[in-house]
Amino acid sequence: MRLGRRFAGVALSLVLTLLGLLLVTFVIGRIMPIDPVLKVVGERATQAQYDAAYQAMGLDKPIWQQFLRYMAEVLRGDFGRSISTGHAVAQDLRRVFPATLELATLGTMIGVLVGVPLGVVAAARRGGWIDQVARVVALVGYSMPIFWLGLMGLLLFYGILGWVGGPGRQGIVYDGMVPTVTGLILVDSLVAGDWAAFRDAFSHIVLPAGLLGYFSLAYISRMTRSFMLEQLSAEYVVTARVKGLSERRVIWGHAFRNILVPLVTVIALSFGSLLEGSVLTEIVFSWPGIGQYITKALLAGDMNAVLGGTVVVGTCFVALNLLSDILYRLLDPRAT
């Protein structure tokens, strides 16, 4: 009974969050100073053509009916047609979202693999040189503009040293040569067994992913250090040390296990922020992801594409929150 009530509560919260997301995007689409009818028919259309398109788009209906129609279309995966590309927005999103997903995933992996151990060691050796390095890394990661670091990285590692590939996901030679299976260029090149294309794709993604990973690890390492400092000052840690347990077991076997629950939430939020916050990185590196897609659509007044991309990113945030809640309950039996 209790488990059923908790499941029902989570499901209701998920439905209300998605409903709120759809309501917000609907309102944004209506208050923007852009006439969607003119974007479809053009400014040279006659009044009769304008009125026909106005009715066909359902804009003559009451606002509540417009919202219900919008919600039904979104639930079917229909975000309308993009004025910029001429394709269905859903088709465009299926094309650009894997690029952002691949970039954000690699960035988060870097942030977790480097940031978590760095934060733990910094807390365990508080005041030492590792702690000072971790604090400087976090400070620089929060202070430096990401577009500036991206430009400097391209100048140094691509323009001067030639260690990495340039802007874009692939070089001109390999562009379009790898069959699309998942949309993740590294995975698709491995599936195709094309190692040359894999090396080329890796050389292009390593710099933007490393840049996003640096910002991710700055946040993750700072939060990990904060969580660990709180746990290391707890009484159970003092008791474990008095009992003669090794420092390694005290830190990783006791204190670190107790920060897993909040750390999962931090990692999920970091991943979500990279999914929606990599716009500048995608622009600097000409990365054909959802951030660049939404930005170009916004500049062109293509509201169908903007709202469709916003709904997808918002849904990813909701899914990540749901996943972190499930992991929270698995890691902490007291929450069940």
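## Ser 203 in helix H9

Ser 203 sits in helix H9, which covers residues 195–232. In this predicted model, Ser 203 has 18% relative accessibility and therefore counts as buried, the cut-off being under 20%. Leaving aside residues up to four places away in sequence, Ser 203 touches Val 164 and Gly 165.

## Salt bridges

The whole structure contains five salt bridges. One of them joins Arg 225 and Asp 131, with the closest N and O atoms 2.6 Å apart. This pair links distant parts of the chain, since Arg 225 belongs to helix H9 and Asp 131 to helix H6 (residues 129–143), 94 residues apart. Both Arg 225 and Asp 131 are buried.

The side chains of Arg 169 and Glu 102 also meet in a salt bridge, at 2.7 Å from N to O. Arg 169 is in the loop between H7 and helix H8 (185–192) and Glu 102 is in helix H5, so the pair ties together parts 67 residues apart in sequence. Arg 169 is buried at 16% relative accessible area, and Glu 102 is buried at 6%.

Within helix H5 (residues 89–124), Arg 95 and Asp 92 lie three residues apart, about one turn of the helix. Their side chains form a salt bridge of 3.5 Å, N to O. Asp 92 is buried, with a relative accessible area of 1%, whereas Arg 95 is partly exposed at 48%.

## Nonpolar surface patch

Helices H7 (146–160) and H13 (279–284) each supply at least two patch residues. H7 gives the largest share, seven residues.

Trp 148 is placed in helix H7. Its relative accessibility is 39%, so Trp 148 counts as partly exposed.

Methods: Residues are numbered from 1 along each chain as its sequence is written. This is a predicted model: local features need pLDDT of at least 70, side-chain atom pairs count only at pLDDT 80 or more; totals for chains, interfaces and linings use all residues. Side-chain values use heavy atoms; hydrogens and water are left out. Helices (H or I, at least four residues) and strands (E, at least two) are DSSP runs, numbered from the N terminus. Buried means under 20% relative accessible area, exposed over 50%, partly exposed in between (1.4 Å probe, protein chains only). Contact means heavy atoms within 4.5 Å. A salt bridge is a side-chain nitrogen of Lys or Arg within 4 Å of a carboxyl oxygen of Asp or Glu.
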